[in-house]
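Trainee: Hey, could you help me look through this model? I'd like to go over some of its side chains with you.

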Amino acid sequence: MSTSAATELKQAPSLSPRRSAMKWLLDAGLRRNMGLILALALLFVLGAVTAGERFADSNNVMTIVRLAAVTGVVSIGATFVITIAGIDLSVGAVLALSAVWATTLSGQAFADSTSWIFMALTAMGVGAAAGLVNGILIAYGKVVSFITTLAMLAAARGLAEIISDKKTQIITVDPFLEAVGGNLFGIPVIVLIFILVAIGGWVLLNRTTFGRRTFAIGGNPEAARLAGIKVERHTMAIYALAGLCAGIGAFMLMARTTTGSATHGTGLELDVIAAVVIGGTLLTGGRGSIFGTVLGVLIFSTLTNIFTLNNLSLSVQLVAKGAIIVIAVLIQRQLAARQSRT
C-alpha cells in the first residue's frame with residue numbers, strides 16, 4: 001500500500017469497513033465529477049433565469065430526464081467502448097434498425113398473440129447482433145473501429161429503410177405502449193430503465209473482473225494480453241454490449257414515439273460521444289466514468305431544453321454542442337499531460 005493510501009485510511013472516520021468504503025467511494029465520485037455537478041447546477045440557474053417558471057416546473061424537469069433516458073442508455077454502452085480507446089459511430093443506425101425490425105407487422109402480430117415482451121427482446125437481440133458484428137470485425141478482422149462502425153452506420157440505416165420501405169411503422173400493441181410508455185409510481189418507465197441500466201453499468205465497470213479488464217485493455221492492450229486477458233474476445237463482448245444498449249434504447253424510443261422508423265436515432269452518435277467525453281471518459285482509453293456519462297447526458301438534455309424554451313434554433317444548439325465537445329477534449333488533453341508529468 002502506498003504512503004498516501006495509508007494516510008487516507010488513517011484519517012478515515014471509525015466506521016464499519018462496508019460503510020467506510022461506501023463513504024469513500026461517494027466522496028471520490030463527487031470529487032471527480034464536481035465540475036460536472038456545478039455545470040449542471042449553473043444550467044438550472046440559467047434556465048430558471050431565462051425561462052422562469054416554465055423551466056422550474058416539476059413537469060419540465062421530468063421532461064428533461066425523460067428526453068435524456070434514451071441517449072443515456074446508449075451512452076452507457078458507449079462508455080465501455082471509449083474506455084478501451086474504441087469508437088462506435090453506428091449506435092444511432094443500430095437503434096433505428098432495432099426499432100424497425102421490432103415493429104414489423106409480423107412482429108407486432110406475434111407480440112399480440114404472445115406477449116409485448118417479444119418486441120423488446122427483438123429490439124435488444126437485433127442491437128446485440130449488430131454490435132457483435134462490429135466486435136468480430138474489429139477484434140478478429142483487425143479493421144479500425146472508426147471504419148467498421150462507419151460501415152455499420154450506413155448498412156444498418158439502409159437495411160432499416162429496406163425493411164420499413166421508408167415508411168413509419170405505427171405500433172398497435174397497446175400492452176407494450178402501456179408497460180414501457182407509461183408511469184410506475186409516478187415516474188416514467190423509460191426513466192426507471194435508464195436508472196437501472198446506469199446502476200448496472202456502474203457495477204459492471206467498477207465492481208467486476210469485466211470492468212477491470214476493460215480498464216486494462218484501454219490503458220495498454222499489449223500489457224493486458226501479456227497479463228493473460230483475452231483482448232480480442234473482450235473487445236468483441238464490449239461492442240456487443242454497446243449494441244445491446246442501442247437495442248434497449250430502441251424499444252424505449254418506440255414506446256415514447258409509438259413508432260418504429262428508419263429515421264430514429266439520426267445524429268444520436270454525436271450526442272452519445274459528446275456525453276461520454278464530457279463525462280470524463282478518455283478518448284485515448286484507460287479511464288471511464290458511468291456517473292460522469294450520466295451527468296454529461298443530463299447537461300446536454302438540460303441545455304437542449306433551455307434552448308427550446310427560449311425559441312433558439314436547432315443550428316444554435318448544434319454549434320453549442322460542438323463547442324462543448326472541443327472544450328472537453330482540450331481539458332482532457334491538459335489533464336492527460338499533467339498526469340504524464342507526475
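Trainee: How exposed is Glu-222?

Mentor: Glu-222 is partly exposed, at 42% relative accessibility. Buried would be under 20% relative accessible area and exposed over 50%, with partly exposed in between (1.4 Å probe, protein chains only). Keep in mind that this is a predicted model, where local features need pLDDT of at least 70, side-chain atom pairs count only at pLDDT 80 or more, and totals for chains, interfaces and linings use all residues. Residues are numbered from 1 along each chain as its sequence is written, and side-chain values use heavy atoms, leaving out hydrogens and water.

Trainee: Which residue forms a salt bridge with Glu-222?

Mentor: Arg-225 does, with the closest N and O atoms 2.9 Å apart. A salt bridge here is a side-chain nitrogen of Lys or Arg within 4 Å of a carboxyl oxygen of Asp or Glu. Helices are DSSP runs (H or I, at least four residues), numbered from the N terminus.

Trainee: And what about Arg-225, how exposed is that?

Mentor: Partly exposed, at 34% relative accessible area. Arg-225 also forms a salt bridge with Glu-232, closest N and O atoms 3.2 Å apart.

Trainee: Which residues are linked in the network of salt bridges?

Mentor: Lys-142, Glu-222, Arg-225 and Glu-232. Lys-142 pairs with Glu-232, again with 3.2 Å between the closest N and O atoms. Lys-142 is in the loop between helix 8 and helix 9 (145–164) and Glu-232 is in helix 14 (residues 231–257), so this pair ties together parts 90 residues apart in sequence.

Trainee: New topic: how many salt bridges does the structure hold?

Mentor: It holds 4.

How values were computed:
Helices (H or I, at least four residues) and strands (E, at least two) are DSSP runs, numbered from the N terminus.
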